[in-house]
Structures are given as C-alpha cells and as structure tokens.
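Please look over the structure shown here before reading the notes. The points below are grouped by topic.

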Amino acid sequence: MNLRPEPLAYELSAPGRCGAALPEPDVPETALPEGLLRDDLPLPEIDELTAVRHFTRLSQKNYSIDTEFYPLGSCTMKYNPKANEAAASLPGWRTTHPLAGAEFSQGALELMYRLQAMLVEIGGFKAASLQPAAGAHGELAGVLMIRKWHRDRGDLKRVKMLIPDSAHGTNPATCSMVGFETVTIPSDADGGVDLAALAAALDDTVAGIMITNPSTLGLFERNIEKIAKLVHDAGGLVYGDGANLNAITGIFRPGDAGIDVMHFNLHKTFSTPHGGGGPGSGMVAAGERLADYLPGPIAVKKDGRFDMAMPKAGIGRLKAFHGNFGVLVRAYTYIRMLGAPGLRRLAETAVLNANYLKAKVEKVYPLKYGRGCMHEFVAMGNFVEGVHTLDIAKRLIDYGFHPPTIYFPLIVPEALMIEPTETETRETLDAFADALLKIAEEARTEPELLHSAPHVTPVGRLDEVAAARCPILCYRG
Amino acid sequence: MPFIPNTDSDRSRMLAVIGKPSVESLFGDIPEKLRYPELDLPPALSEMEILREIEALAAKNLSSSTCAWFLGAGAYNHFIPSLVPAIASRGEFLSAYTPYQPEVSQGTLQAIFEYQSMAGSLFGVEAMNASHYDGATALAEAVLMAARNAPGRETVVLPAALHPEYKEVIRTYLEPLDVKIREYAGTPAAAAASLDPSAACLVAAYPDFEGRVHDLSGVADAVHAAGALLVVHADPILLGLFKSPGELGADIVTAEGQALGNAMNYGGPFLGMMGAASKYVRKMPGRIAGQASDAEGRRGFVLTLSAREQHIRREKALSNICSNQGLVMLQACIYLATLGKNGLRKVAELCWHKAHYAAAEIAKLPGFSVTKDIFFKEFLVKTPVPAQSIYDKLSRRCVVPGLPLSRYWPDRTHELLVCVTEMNTKEQIDLLAASLKEASK
C-alpha cells in the first residue's frame, strides 16, 4: 500500500501543460458564437506522465480483490477472471453503437439473447430483461412490475410491501420510490421469516413480499415455498432479491419455489468487477405471472435474426439503450467458462468455504443464529468489554485483510458479516481465521492495538462526523 | 477449475473441520425436491474457446474504428487517450468495492473527490455526486429531486426535443407518483416565461436532442420567479467551450458523461452525472465524497452526507441507489485531468469546426437542407429521400451517416441527425457528403 500523501490533480497543475496531444483542424474554421462562450475552464493542467503517476499512486491506496482477501459479506467479492476483461474490451463491442440498428448489431443482440436464456434457466424463470444497471435498479423494476400487475387487474388498493427485518436498505428505499408503504416482518428465533407474523400481516392491501434467500444472515429460508404460497393465496406476489444467489447456483432455482420476479447481481454472482462502486447489472427475470411485465426492450429472435422488442404489458424503459452492455459480456463469458457443473461447484465451494471459516472462529466469535450457514455467516464482535466490531474490523487491515461487512444486518448486534466466496484457497481462509483469533486475543491483552488501528494505511480513522457537518465536496484552490 | 481452487482433497480436510460428512449435507435446509435441478446450459468452454466464440460475435457489429462514423444521438464517438483505460483497468481500481472502509479505499475516494471537483468546475456547481447509471436516470432522479423540493407542485416541464429514450425513462420513474409531465416545443426562454405555479421544475437540454444550442441567459431568473427549479441537462464536451449551466443559474445539472473517456460500448456502461447548487446538496441523491482528516491531521476522503442514503435511512432515503457507475466515473476523472483546461477546449473547438464544415458541405447538396439554428457537434439535415434508406445503403458501405429520426418518430421520414466529432477527418466528411449525394439519386 502506498503510504505517501498524494496531492490532488489540481495541486499538480502548472499553466500551459496538457496530457493529450490533439491535431489542428483539417477543415476551414468557423467563427465561434460570441456571447455563448465561457470565459474560463478551471480544470487542471498536467502532463501525461504526471497523470499516469498520479492515478497509479492513487490505485496503490486501495485494497482490492487482486491484492487482498476481501470477505465483505453480502457483496460477493470473488475473483474476476481476466478473460472477462479481455472479452469485454474487444473492439467489436467497444466501438459499436446502441442505435446502429438490428441489422448492424447482430453480434451484440445474439449475446444478449443467449445471456437472457442462460439466466432464465439458472433462475427457473420464463423471461428476462437485461435493462437494469444495478441491484437497486432491478428492485425498482420488480416492484414496478408487481404494482402494474395489480393495477392492470383493477386492484388499486394494494399499496403495502412486506419486507423481513434482515433485508438490505435498498428494499424499503425502492418501495418508497414507487409510493408503497413498507411493513417490516420480524425474523423468528431461527433467523427465518416469522410465519405467524407474516400471516397476520397479509390482507388485500398487500402487494407482495420482497425476500432475500439466502437471507443476509447467510441462512437459507427453509419455509420459502410456504411463504410464497401464503402470499399468493392472499393475492400478493413474491419478489426475490438475488443478492445472495452465489450460494445456490446449480443447486436451487428460486423460480421453482414460487418467486415471481427476481434481480440477479451480475457483479456479484457472475464475477463482473465492482469497479470501486460499479458499474453492475441488476437484470431481472420473471415467471409466468410477470413475464409480460418486464422492462424493455429485451432481445428477441425471429426467423433466425435477432432484434429488440418491448414486452407486451411492460413497465417501460429503465435506462437509455440496452443495459450495462459491457457488464453483460463479462457475465456471459463467465457462465460459458463454468457451464452447469461449474455453477454447482461454485455454489458448493462458496458454502463450504463459509462453513469452514465459521467452524474455525465460532468458539471465539459468537453467532446469534447457530445453524449451518450458506455462503456467508454473521458473527458478533462484542465479546470483550470496551472492544467493538469496528475495532476488530480496523485491526484486520493491519493483518492485510479487507474487513468484513460490519453492523449489518441490523438485527445482529455488533455484526461481522463474513463472505469468503469460492475463489479463495484453503490457505487464505486459514490465514484469515488465524488473524481473527489473534485479534480476539489482542482484544483481551492489548485492546489499545485495536482501538488505534489501522496502523499500516495512508491515513488513520477519519473524522466522518466533522466531514458531514461542514462538507468540503470539491477542491477550493 | 482455475478460479475455484479448492480441490477434492481440500474439501475432505475442510469437511472434517466442519464436522459434516459431505458437501451435499451443507444444503439440508433446501427443500429436497427442489435440490440439484438439471440445468440446460451449453457445455463449459476453456478460456481460448470462449474468447474465440466472443471474438466472432463482436466482429458482427458495425464498428466506428472501421467506418466513417456520424451517428451520435446520446452515445458519442470521441477520442479516448490510451492512458485512460490503461490505468482504470488496474486491478486495484477494477476489483475494489464501494469505499466503505476509507483507510483502505483512499485511491477510489480521492478519485471521486477529484471527479467531483473537475466535473463541478465544468458544470459550474459546487456539489456533484459520484454518479448515476446513465444520463437518462440522472435526469429522472433530478426531476424527482425537484418535485420533492416543492411538494404540492405537481408538474415537471420537459423539452419536446429531449432524447426520446430519456423521456421514456422519466415516464417510468414518475408513473407511480402524483407528478405530471408537460412538454414544451419552443425555446427554454419562452417556456420559462410562461411557467405556471404548478411547475416544480423546467428542464433545458443543452443542446437539445436535435442539436440546437439555446441561449439560456435569463432562463433561470424567469424559472425562479415562477417558484420552480431549473434543471439543465448538458453535453459535457460542449461545456469545454460554452457557458456552464451553473454560470447560467441552473439549480440542478445532469449529463451523460460517456463522452468523457468512455467507449460507446453498445450503449453501456455509461455515466450519469448529477450536480446541484450547494444549497441543495442535502437534497441530492447518490454517493458523495468529502474531505476529512484523521487524528494526526492528515487529509483523507470519506463518503459523506450518508444520512440521505438507503443503507442508513431505508424507506426514508432520497433514492434507492446503491451500486453506481464507479469505474466509468474513474475513466471520466482520468480523462478530465489528462485533457485538462487546454485539451477539453481544443476537443470542443475541433467538434465545432468539423461539424460546421460538414453542415456547410451537406447544405450544398441538391435536395438537402441543414438547420439554421445554432448547433455544436450535432445537427438536423432534411433529406430528399427517406433517411432510413440512406442509412441502410450507406452503413452497408461503412459510412454511418447519422440517426434517421423515423427511428423514434415514424412520420419524420426525411430527417437525419448528423453528429461530427474530433474523430472525423476532412476526408471522412467529404466522403459522407459524396455518399449522401449518391444515395439520394
């Protein structure tokens, strides 16, 4: 990790420099429109090498999958095969245009058509749309579809969405965007949806339920079929949040258990890189009830030619053009390299790795829910008075590991949510477990080491409260 | 399997530690009759096999690297300095997550802060966020933000000449809410002068979908006098030359940022840019990086103002956005720093000169006429024969002449939207003119 302070590009600027050479005009010049032009363009002036060093040095201030183990729960930080990048950066993709027309985009359309079919098969659905750009965007698609399905049947009073208390914040935030009211369903003692509470909440004002399976507790929802039946019997529909699909590819198909619509995070399960925050893809797939309601356009095949078409009763368009296409190429490449046996091996290994880590640390790091986990598990970091999960997380950095997800899900106090993924070796898992156990010892013997961590980073803990109170959001010269 | 490393012997050793007899026994919670479906998928391929297959698919698309390319309409063929993808593809950027642990994410966080700074300079606003999915969703969220800002005002006013796909996206986002969309056909100035008290915002496209660059001076004052907000959706390359939306008084700015160092990529991933005057920053959705310091006084950067966001506020959040377009933003950041003050202006000037040369050449052709409005890099051409037939004929010969408007408006059969950037040589422009002439015979 690069520990030296790195100036801002603005602070490296010197008048007259430029990092890119551009040609002189090869056409007669046309007078510029006076009165409409800006006087000043306050951007930095830096040469090419300064730019290269600056951004390379910045990159060295990141932990990443390519450099460190990154067991961030619910984020599925698996290795992103370099073949994905090679495939996505082919000139035939990079230099082609979304409005070139079907005749001139047969390769892109065929790839999308095939990817739709593969994801439909993996999830057990009927049709898919690749429009949504991220998981939350897919949630928006799904909830709009559910809303429109009810309204098209003349049922205008269904304005409530049921959401388990372990859900991601995007679920309730999505419901608010479409004017739905959120009803929180508690978890039972076993970490599953409390069936009695669910039954009590169901009435003719409920549009449906949003369910994440496996849940953010890393637990498979054993009653998934019962839940779907209860909701369907009450006239509602079931949304599946596919955030944790990595545990079940090739092992269980959500569509088979009655999920009506689900988003897939291609940037998690299907190994497209997270890019420091995106781009992702939150494509959605739907079963019988909602297939016609998908956002569009979607890729179709007619007389051996590929084209785009809007689904019959669809909710419309969610972004310009055809989804995050470059991400789709990566996911397609990955699925083709795995095939069906590879997808099963992937999920099996993700679950095996998580259970292995859990077995190695659970005597020291207590669990709120003790049963066998899927691809991740949630431990607690409050086993020594005065030491918190935050301290443990920051101390892990000193050992060269990215911290797990912390303080989520909200129903587990001092949560440490650990997801190793299938791409890590047993040796890496051993080293991480050893570090966790060592830190637990330090928590008892030298707690100051934890409180002052991390010690090996370019900056220590930053004052986030002060930063939010008087925000500085841009360089001010 | 190269990226699933644990072998069968690792598996046995790990199962012994777990105390389970088999991997299958880890899946006992899944209903038995639903376990292990037979998936009908094509057989697995090795890396060399899949790359061969994908190369063949990629080669079936029309490419701006082998054609004379004049098609824009929301996705633009601009120059990308080699260092942009070279650095953005470094694993430390590519394979990092959202920077929730700031001490080990200073690279990403400082890059966001630098992007916010440079994009803010370009747009003339103090506060930018770290990105939306694309220009269309950024504009949709901006309209939602304006509507939230003025409860009770139930109309948003959009230009008729807004990208048709953007309008569709805005309709999708607004459909469940009690907000009506009204369109105006004339200039933003005329629309601003006749705003009624139901309007939450006026959107101005800068330039509009047909390439016209409207004079926006005075528009903000008229919009504010009507109690509404001014949202300006701008081409960031145009801003290398033209007055910034902030200088013109815009309250919220949005853009499609693909042109800043990102390839056309069949339409994605692109970059939704959004910013606002500083008084609206706490009402703006999306991730935002801010400056902070540690106990020793060292400067660092964090994600800030997160009390607006879904992971803190859940159903009370301003938006559900979580993953954004981080890597695309990084490319824009590197692009802006590399071209900088002098380079971006030069790109804009080249677009201006070449587009105006092309328009003049096309105007000379018999039967063709070119818009008289002020334009920047894209302009409307009336064609003597249906524009779609010109498009099909020419594109098959690798001269991609622009967008036939009949693609979106079936009755606008004889109009072609031509885009010229710094990437088009005089030779290509002359070829376009000669080809148009021939195709119209």
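This is a predicted model: local features need pLDDT of at least 70, side-chain atom pairs count only at pLDDT 80 or more; totals for chains, interfaces and linings use all residues.

Residues are numbered from 1 along each chain as its sequence is written, while chains are lettered from A and ligands numbered from 1 in the order in which they are written.

**Contact between chains A and B**

- Chain A puts 169 residues in contact with 165 residues of chain B; two residues are in contact if their C-beta atoms, placed from the backbone, lie within 7 Å.
- Elements of chain A that give two or more residues to its side of this contact include helix 1 (48-59), helix 4 (106-123), helix 5 (135-152) and helix 9 (325-361).
- Helices (H or I, at least four residues) and strands (E, at least two) are DSSP runs, numbered from the N terminus.
- Helix 9 of chain A supplies the largest share of the side that touches chain B, 22 residues.
- That side of chain A holds 91 nonpolar, 49 polar and 29 charged residues.
- In this classing, Ala, Val, Leu, Ile, Met, Phe, Trp, Tyr, Cys and Pro are nonpolar, Asp, Glu, Lys and Arg are charged, and the others, Gly among them, are polar.

**Domains of chain B**

- Chain B is assigned domain 1 (68-80 + 341-439) and domain 2 (83-336), with bounds from an automatic or database domain assignment.
- The C-alpha centres of these two domains of chain B are 28 Å apart.
- Their contact takes 22 residues from domain 1 and 22 residues from domain 2 of chain B.
- On the domain 1 side, helix 11 (326-363) and strand 12 (378-382) of chain B each give two or more residues.
- Helix 11 of chain B gives the largest share of that side, seven residues.

**Nonpolar core**

- The largest nonpolar core has 320 residues, and B:Val143, B:Cys201 and B:Leu202 touch the most other members.
- Such a core is a set of buried Ala, Val, Leu, Ile, Met, Phe, Trp, Tyr and Cys residues joined through C-beta atoms within 7 Å.
- Both domains of chain B give residues to this core, so it lies between them.

**A loop residue**

- B:Ser194 sits in the loop between helix 8 (188-193) and strand 5 (199-206) of chain B.
- B:Ser194 counts as exposed because it has 12 C-beta neighbours inside 10 Å; the classes are buried at 20 or more other C-beta atoms within 10 Å, exposed at 12 or fewer, and partly exposed in between, with C-beta atoms placed from the backbone.
- B:Ser194 and B:Ala222 are 28 residues apart in sequence and 8.8 Å apart in space, C-alpha to C-alpha.
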